[in-house]
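Here is a short report on strands and salt bridges. Look at the sequence and the model first, then read on.

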Amino acid sequence: MKWGTRKTSVILFSALVVLASVLSGCSNSASQAQTGTEGQADTTSSTKPANKGESVVYHLGETVNPEQVTNFNPFLATGNWAPFFDYVFDPLYYFNPVKGELVPRLAEGEGTWSADNKTYTVKLNMKAKWQDGTAFSIDDVLYSFNTLKDYKVLDRYQLWGDGRLQEVTAQGSDTVVFKLSNTFPSLPFYLSTVYIVPKHQYEKEDPSQFLNKQPIGTGPFQFKSINESAIVLNKNADYFLGSPNIDQLFVDRFNNSSTLTLALEKGDVQGSTGTVAMPSVPKLLENPVNKLQVYPGLNTFSVIMNNEKPGLNDTAVRRAIQIAIDRKSLIEKGESNGVFPANPGFLSSVFSDMADSGLINNPSYAYNVNEATKLLESAGYTKNGKGIYEKDGKPLSFTYHMAANAPAQNKEGAMITEWLKSIGVETTVKLVTWPELTKLLMSGDYELLQNGIQTPPDPQAQLEIFHSKMTAPTGENTPGLNYMRFRDSEVDQWLDEASSADAGKRKELYGKIQSRISEQAPVAVMYNVGGHIPYRVDQFTDYNEDLPVTSALSLMQIKKK
């Protein structure tokens, strides 16, 4: 691994191609944004430069519902709006998806490996301090990592799993030593998934239950207040990497992406971390003050299947569902070409040559209604009087969960359920909130569910969501991201070998895993989402386009025009 250079020409070229496609697709026939005011903040902003002494406020529009503000504890997977943590807390390293590289945050620079590659040593930036004025110390880092060891339910990415972390210790007052029980070259990228929390606040609580209504971080912005209209963050004037230029960050809350997109069009909000009504993108971009930053990334939207449910425990059924989905149409009609083609083997193109790009256009996994019905009939399914395939008297009839108040997702879900109907698979659509989707995935209380799966920034981590150690029986919460309840002993073996292998061997093993995932279809991929970030350039300047433009590290640099 070369520090700060994990990027590829493929990533940058793909981003440019997709952005050009979005721009060329502008037309007056694009869907109009819906109007509405429920849950909308009063976000009227002046376009005049801030006067001396006047507070500079940046309005970030987001769909944040009540279930996403019940918890400000970064250890917990539910009850939060995840981008909040990037603004208020710091990890040791931040993974920059635009460049595909790590950026030091609480770490002072790149760590060093021992000769046997089983110890990784990181020097801390001791200029950091907690937003309540308490001194930052190495004990906070030790506490944050050891909490994942002590509360296994919090260790979603298995940092303390077999062959990985053995202990985390201090070397003096400013250096952390990560000792491994086996070689694990992915470790630095996994470190970017852990936000460091203040020991003096958390040690008084059960971190697996603590909802943390008064979050204290070391990050560039600090929590001030929350109401039904907005989350208000003040700049951290003492931020160790430099004080933000804006005084306040208002996260204006909207009840759906259409009203948010309308606010962007009007200039009431200046950007979003990625929420936008994709059918409205061409109209939005007709105005040259509006921009859309696009890059591939770590989130793959899919029809996620519970592989333990009757019918879905049959590979033939999952494969039929996989090839009944017209991914090209989803990208063009549902997402206005603002996303990337997904790999049926799941590994994102952000990982360059580790990803088997040939699978994306492999005809075996392409949209094919006739082949889908042949698969079902060859597996012994026959159509009943309603035109639904069944076997042993059990029809292929499933509940299909997707997000409410998400126009693009709802449009795509309608397309998908019609395609499934065309191959004799019946669905009953049920709309729930985004947090409820996560709860259903974790518990397994679903059959088909449309959502994205976001993974840590490493190919091992992305493929490891299919390891059996990352799942649990339906009815029990999964310890990892294997919401599909997928189990394959060879996939487990290949992943275990790849975890400590050199780059050449890892590529070989990852190739085998991607082929197996494509063949077994535990999920039916839709598309890959890194960033499709809308933002305006009429009121603020100095966005850093080498980062996600509405990330903490970019927003701390912007200035009022």
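With which residue does Arg536 form a salt bridge? The partner is Asp538, and the closest N and O atoms are 2.8 Å apart. Keep in mind that this is a predicted model. Arg536 has 5% relative accessibility, so it counts as buried. Asp538 is at 23%, so it counts as partly exposed.

The count of salt bridges comes to 20. Three of them are listed here.

| Salt bridge | N to O distance |
|---|---|
| Arg536 – Asp538 | 2.8 Å |
| Asp86 – Arg105 | 3.2 Å |
| Glu519 – Arg516 | 3.9 Å |

Take Asp86 and Arg105, whose side chains meet in a salt bridge. This pair links distant parts of the chain, 19 residues apart. Asp86 sits in helix H2, and Arg105 lies in the loop between strands S3 and S4. Both residues are buried.

Now turn to Glu519 and Arg516. They are three residues apart in helix H15 (residues 503–520), so about one helical turn separates them. Glu519 is partly exposed because its relative accessibility is 39%. Arg516 is at 16%, under the 20% cut-off, so it counts as buried.

Next come the strands. S11 pairs with strand S18 (residues 523–536) in the antiparallel sense, over twelve bridges. There, Ile304 has Val523 as its bridge partner. S11 also runs antiparallel to strand S17 (residues 448–454), joined by seven bridges. In S17, Gly452 is the bridge partner of Phe301.

Definitions and conventions. Residues are numbered from 1 along each chain as its sequence is written. This is a predicted model: local features need pLDDT of at least 70, side-chain atom pairs count only at pLDDT 80 or more; totals for chains, interfaces and linings use all residues. Side-chain values use heavy atoms; hydrogens and water are left out. Two strands pair if DSSP finds at least two bridges between them. Helices (H or I, at least four residues) and strands (E, at least two) are DSSP runs, numbered from the N terminus. A salt bridge is a side-chain nitrogen of Lys or Arg within 4 Å of a carboxyl oxygen of Asp or Glu. Buried means under 20% relative accessible area, exposed over 50%, partly exposed in between (1.4 Å probe, protein chains only).
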